[in-house]
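Reader: Please show the model, and then let us go through it by question and answer.

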Amino acid sequence: MSGQRINLRGQLRAPLQALLIGASAGGVEALLSLLQDLPADYRLPVVCLLHQPDRNDSLLAELLARRLYLPVKEAEDKEYLSGGVVYVAPAGYHLSIETERSFSLSREEPRHFSRPSIDILFESAADAYGEQLAAALLTGANEDGAAGLLAIRQAGGLTLVQDPADALVPTMPNAALALLEPDFLLPINAMRSLLAELDALPC
């Protein structure tokens with residue numbers, strides 16, 4: 001398993017253009033820990049999808065905005081991704097990324113009992129970005145995200161999984177590990193350092 005520190009440059013097939021993060025149970029704390037030190041001039045767009053109740057009063061973007069240096073906003077339908085912004089998937093909608101690298105929201109049936117679904121976001125982003133994508137799958141209580149992370153791996157993107165021993169709920173990381181060997185298997189603290197390295201690489 002790729003938990004060893006390895007040459008990051010050697011892992012990338014193309015310059016990165018986006019970072020995705022998926023999480024479920026325990027995800028708020030994991031996201032805050034992972035993103036809190038990213039600088040205000042971070043280059044990549046960061047798209048976060050956290051399983052939430054299907055209602056319209058989510059406070060996740062507001063919570064993250066109070067703790068992060070980067071601007072935070074909910075993703076909007078037809079909005080193009082911009083670097084240096086943390087986007088949050090809105091509650092009650094699946095979030096996809098179109099080939100022209102804009103967001104699409106839909107109310108299709110839940111996947112793995114979840115809407116938004118990490119799989120749907122990851123699979124669409126794999127088509128849109130291919131080798132220019134990095135994605136991290138964190139703590140969670142179901143198997144959502146595993147198939148999507150595999151799609152990103154198959155498209156040549158960089159894959160990160162939180163070490164199950166470090167996750168509040170290890171079901172989601174374990175589901176990913178059952179399908180693929182990620183490029184990096186790390187606790188949150190080490191993954192936080194890696195995200196800073198990703199931004200330092202050439203565009």
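Reader: Is Glu123 buried, exposed or partly exposed, and at what relative accessibility?
Author: This is a predicted model, in which local features need pLDDT of at least 70 and side-chain atom pairs count only at pLDDT 80 or more, while totals for chains, interfaces and linings use all residues. Residues are numbered from 1 along each chain as its sequence is written, and side-chain values use heavy atoms, with hydrogens and water left out. Buried means under 20% relative accessible area, exposed over 50%, and partly exposed in between (1.4 Å probe, protein chains only). On that scale Glu123 counts as partly exposed, at 25%.

Reader: Which residue forms a salt bridge with Glu123?
Author: A salt bridge is a side-chain nitrogen of Lys or Arg within 4 Å of a carboxyl oxygen of Asp or Glu. For Glu123 the closest N and O atoms of the pair are 3.1 Å apart. The partner is partly exposed, with a relative accessible area of 30%; it is Arg111.

Reader: How many residues apart in sequence are the parts that Arg111 and Glu123 tie together?
Author: Helices (H or I, at least four residues) and strands (E, at least two) are DSSP runs, numbered from the N terminus. The salt bridge joins Arg111 to Glu123. Arg111 lies in the loop between strand E6 (103–106) and helix H4 (118–129), and Glu123 lies in helix H4, so the parts tied together are apart in sequence by twelve residues.

Reader: Which peptide bond is cis, and what is its omega?
Author: Most peptide bonds are trans. The cis bond joins Arg115 and Pro116, and Pro116 lies in the loop between E6 and H4. Its omega is about 20 degrees.

Reader: What is the phi of Phe113?
Author: Most residues other than glycine have a negative phi. Phe113 is found in the loop between E6 and H4 and counts as exposed at 85% relative accessibility. Its phi is positive, near 65 degrees.

Reader: Where does Lys78 lie, and what is its phi?
Author: Lys78 is in the loop between strand E3 (72–74) and strand E4 (86–88). It is exposed, with a relative accessible area of 59%. Its phi is a positive value in a residue other than glycine, near 75 degrees.

Reader: Which residues are linked in a network of salt bridges?
Author: Side chains of opposite charge can pair when their charged atoms come close. Glu79 forms a salt bridge with Lys73, with 2.9 Å between the closest N and O atoms. Glu79 counts as buried at 18% relative accessibility, whereas Lys73 is partly exposed at 25%. The network links Lys73, Glu76 and Glu79.

Reader: How many residues apart are Asp37 and Arg192?
Author: The structure holds five salt bridges, and one of them joins the side chains of Asp37 and Arg192 at 3.4 Å, N to O. Asp37 is in the loop between helix H2 (27–35) and strand E2 (46–50), and Arg192 is in helix H7 (residues 188–200). Asp37 is partly exposed at 48%, while Arg192 is buried at 18%. The pair links distant parts of the chain, 155 residues apart.

Reader: How far is Thr139 from Leu31 in space?
Author: Thr139 lies in the loop between strand E7 (133–137) and helix H5 (146–154), and it is buried, with a relative accessible area of 1%. Contact means heavy atoms within 4.5 Å; not counting residues up to four places away in sequence, Thr139 touches several residues, including Ala23, Ala30, Gln162 and Met172. Thr139 and Leu31 are 108 residues apart in sequence, and their C-alpha to C-alpha distance is 9.7 Å.

Reader: What is the radius of gyration of the protein chain?
Author: The chain has seven helices and nine strands. The radius of gyration is taken over C-alpha atoms, and the globule rule is 2.2 Å times the number of residues to the power 0.38. That rule gives 17 Å for 203 residues, and the chain's value is close to it, so the chain is as compact as a globular protein of that length; the radius of gyration is 15 Å.

Reader: What percentage of the residues of the protein chain count as buried?
Author: Along its principal axes the C-alpha trace spans about 40 × 35 × 30 Å. Among contacts between residues at least 6 apart in sequence, 71% join residues at least 24 apart. Of the 203 residues, the share that count as buried is 56%.
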